[in-house]
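Subject: Handover of a protein structure

Dear colleague,

I am handing over to you the structure shown below. Please look through it first; a description of what was found follows.

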Amino acid sequence: MGGLKERLFGYARERYGSEPEYLWKRYPDCAVLRCAANKKWYAISMGVDGKSLGLEKGVKYEIVNVKCSPLMTGSLLAMKGILPAYHMQKEQWVSVLLDGTVDEEQLFGLLDMSYELASQSGSGKRLRTDTKEWLIPAAPAMYDVEQDFRRDGAIIWKQTSDVIVGDTVYIYMAAPISAIMYRCVAEEVNIPYNYDDGSYRIKKAMKLKLTHRLAQEDMPLSEMRELGVSAVRGARGVPNTLSCRLRELCKSGEPPQAVSR
């Protein structure tokens with residue numbers, strides 16, 4: 001049922017920023033979904049002959065393979081429309097029919113479970129839940145950050161790091177300003193965003209809400225160097241020494257609503 005498969009892809013795109021990847025020319029209808037953080041697969045969609053699934057031979061069935069806890073495999077296989085995993089480890093994966101036997105809500109729940117398990121696999125890394133502070137660069141010559149902040153109080157920005165909702169993001173304006181100018185909070189992350197002008201590409205974005213402005217003289221690059229940051233070439237964490245100073249500045253800094261429009 002192609003419609004259900006497309007709704008599954010739409011859900012993965014909206015919730016996790018995942019796009020289906022078609023990796024094999026020999027199997028053009030086979031697509032995988034990956035976790036952004038570790039590139040692990042959490043779903044594989046394909047068409048399979050019923051004979052391989054223990055169903056009617058000669059009939060093609062649309063399925064999606066999803067990860068599951070070995071403790072849950074037996075219970076899941078007792079449900080209608082859920083089968084032993086095709087071409088995957090049967091203790092940790094199951095195949096789900098995309099013919100409507102498994103309803104949409106249950107299907108999305110299985111995808112959520114699979115994403116969580118895949119995100120935690122490899123190197124023992126778990127999903128981060130504690131908030132973090134980031135420092136990202138912006139080029140004044142390429143993008144008028146201030147204009148967008150004045151208009152909307154927020155910007156959509158390329159997401160290249162493991163930012164989660166609630167993280168603090170400081171924006172460093174490069175030369176000729178060369179200073180940290182904005183403090184923001186991440187309101188939305190993993191937003192699908194298709195932009196490519198040949199030299200700059202964005203596939204995933206985040207929404208940053210402005211919470212404080214700083215004056216150019218508050219945190220110039222010269223002072224940043226003394227506090228542990230000599231350059232900002234990409235998204236990076238904020239050292240504790242710099243973090244403490246920035247928090248002090250933002251307590252007395254200019255709130256966004258204080259700037260006239």
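G50 is found in helix α2, which covers residues 50-53. Helices here are DSSP runs of H or I of at least four residues, strands are runs of E of at least two, and both are numbered from the N terminus. Leaving aside neighbours within four places in sequence, G50 is in contact with L55, E56, V59 and Y61, where contact means heavy atoms within 4.5 Å. The C-alpha atoms of G50 and Q147 are separated by 58 Å, and the two residues are 97 apart along the chain.

The model is predicted, and local features need pLDDT of at least 70, side-chain atom pairs count only at pLDDT 80 or more, and totals for chains, interfaces and linings use all residues. Residues are numbered from 1 along each chain as its sequence is written, and side-chain values use heavy atoms, with hydrogens and water left out.

The chain as a whole

The protein chain has seven helices and 11 strands. Its radius of gyration is 23 Å, well over the 18 Å that the globule rule gives for 261 residues, so the chain is more spread out than a compact globule. This radius is taken over C-alpha atoms, and the globule rule is 2.2 Å times the number of residues to the power 0.38. Along the principal axes, the C-alpha atoms fill a box of roughly 75 × 35 × 30 Å.

Of the 261 residues in the protein chain, 41% are buried. Among the contacts with a separation of 6 or more, 58% are between residues 24 or more positions apart. The chain exposes about 14300 Å², and carbon and sulfur atoms supply 50% of this area; accessible areas come from the Shrake-Rupley method with a 1.4 Å probe, and for residues only the protein chains shown count as cover.

Which residues does L4 touch? L4 lies in helix α1, residues 2-16, and is buried, with a relative accessible area of 3%. Leaving aside neighbours within four places in sequence, L4 is in contact with L98, D99, G100, V102, E104 and L107. One of these, G100, is 96 residues from L4 in sequence, yet their C-alpha atoms are 7.4 Å apart in space.

L110 lies in helix α4, residues 104-120, and is also buried, with a relative accessible area of 6%. Not counting residues up to four places away in sequence, L110 touches V66, L76, I82 and V96. The C-alpha atoms of L110 and C68 are separated by 8.0 Å, while the residues are 42 apart along the chain.

Helix α5

In helix α5, residues 145-152, the buried residues are V145, E146, D148 and F149. Seen down the axis of α5, they fall within an arc of 165°, so they line one face of the helix; the arc is that of the directions from the helix axis to the C-beta atoms. As background, an α-helix has 3.6 residues a turn, so residues three or four places apart point the same way. The buried residues of α5 pack against β6 (133-138), β7 (154-158), β8 (168-173), β9 (179-196) and β10 (201-213).

Backbone features in the loops

Most residues other than glycine have a negative phi, and most peptide bonds are trans.

A cis peptide bond joins A175 and P176, with omega of about 15°. P176 is in the loop between β8 and β9.

S178 is also placed in the loop between β8 and β9. Its phi is near 55°, a positive value in a residue other than glycine. S178 is partly exposed, with a relative accessible area of 21%. Not counting residues up to four places away in sequence, S178 touches Y172, M173, P220 and L221. S178 and V232 are 54 residues apart in sequence and 9.8 Å apart in space, C-alpha to C-alpha.

H87 has a positive phi of about 65° although it is not a glycine. H87 is in the loop between β4 (82-84) and β5 (93-97), and at 65% relative accessibility it counts as exposed.

Yours sincerely,

A colleague

How values were computed
Buried means under 20% relative accessible area, exposed over 50%, partly exposed in between (1.4 Å probe, protein chains only).
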